[in-house]
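Me: Please take me through this model, beginning with a single side chain and then moving out to the chain as a whole.

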Amino acid sequence: MSKIIASNFKTNHTRKTTLAFCNHLENFLNQKNIPHQIRLFPPNTALLDNYFKNFKIGAQNAYFTKNGSFTGEIGEEQLEEFGIQSLLIGHSERREYLGETQVFCAKKFEYFSQRDFEIFYCIGESLSTKKEGLEKTLTFLQSQLQGIDLDYPKLLIAYEPIWAIGTGISATLEEITQIHTYLKQILGRIPLLYGGSVKSQNIREIFKIPSVDGVLIGSASWEIESFKQILENSLEK
Ligand code: PEP
């Protein structure tokens, strides 16, 4: 069954190494029968023309503008030049380190959804919220959907518990199932991804969870050999 596998390079890779990664991946996918939809989100300095046959390049961030005076940001015009049509919004690192509020995330969503972008919208609770219990966690996750039009056809949601991101310790299959089951009731047909320490060793089991429509992967996707292994192991056996 076809699922979504998205790789977030974060602040890793240069233009040169991203190109080498993409060429290698393209060749690998030409030879393998991987049924999944693959997305790569390199840093903005390493965006590449979206000409690859087997995967699409997206952007980790953009400001809600066509162009203008927003020092350090890029807008729609810069994405257009590369044929970029996919965008991450709401990643916990931008919420935490860059201070992006829910209102700000919703503005980005509004702008780029009006321009027909595919939007990978991230939500996820911190460890302290998780410790407050399931009810508090679910209420928190719902608050991160405020201002997001759930009828937008090109919306995907990535559930990424912050405590599982970059720690090497994924949420358990039971934890993913529990939260995803709840989220599915709200999200209906919207594809629901899991993110948080997905790697070659756990992708197969995670993909067996019926409510998991895909994964968003950080660290384990940065090395091409590791990413290839994830893709191999994502196949049903
Ligand atoms: C992420 O930051 O989106 C992520 C899932 O990272 P990692 O796979 O490294 O936990």
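**Charged pairs, backbone and overall form**

Reply: Glu175 is partly exposed, with a relative accessible area of 23%; the label covers the range between buried (under 20%) and exposed (over 50%), computed with a 1.4 Å probe and protein chains only. This is a predicted model, in which local features need pLDDT of at least 70 and side-chain atom pairs count only at pLDDT 80 or more, while totals for chains, interfaces and linings use all residues. Residues are numbered from 1 along each chain as its sequence is written, and side-chain values use heavy atoms, with hydrogens and water left out.

Me: Which side chain meets Glu175 in a salt bridge?

Reply: Glu175 pairs with Lys130 at 2.8 Å, N to O, where a salt bridge requires a side-chain nitrogen of Lys or Arg within 4 Å of a carboxyl oxygen of Asp or Glu. The pair joins distant parts of the chain, with Glu175 in helix α7 (residues 173-187) and Lys130 in helix α5 (residues 127-131), 45 residues apart. Lys130 is partly exposed as well, at 29% relative accessible area.

Me: And where do Asp116 and Lys154 sit in the chain?

Reply: Their salt bridge has its closest N and O atoms 3.0 Å apart. It too links distant parts of the chain, since Asp116 lies in the loop between α4 (102-113) and β5 (118-123) and Lys154 in the loop between α6 (134-143) and β6 (155-159), 38 residues apart. Both partners count as partly exposed, Asp116 at 40% and Lys154 at 35% relative accessibility.

Me: What about Lys108 and Glu100, are they buried or exposed?

Reply: Lys108 is buried, with a relative accessible area of 1%, and Glu100 also counts as buried, at 8%. Their salt bridge has its closest N and O atoms 3.0 Å apart, and both residues belong to a network of salt bridges that includes Arg94.

Me: How many salt bridges are there in the whole structure?

Reply: The search finds 13. As for charge overall, the mean positions of the 25 positive and 27 negative charges of the protein chain are 4 Å apart; Lys and Arg are counted as positive and Asp and Glu as negative, without His or the chain ends, and each charge is placed at NZ of Lys, CZ of Arg, CG of Asp or CD of Glu.

Me: Switching to the backbone, what is the phi of His13?

Reply: His13 has a positive phi of about 80 degrees although it is not a glycine; it lies in the loop between β1 (4-8) and α1 (15-31) and is partly exposed at 25%. Ser197, likewise not a glycine, has a positive phi of about 55 degrees, is found in the loop between β7 (192-195) and α8 (203-207), and is buried at 11%.

Me: How many helices and strands does the chain have?

Reply: There are 9 helices and 8 strands, taken as DSSP runs (H or I, at least four residues; E, at least two) and numbered from the N terminus.
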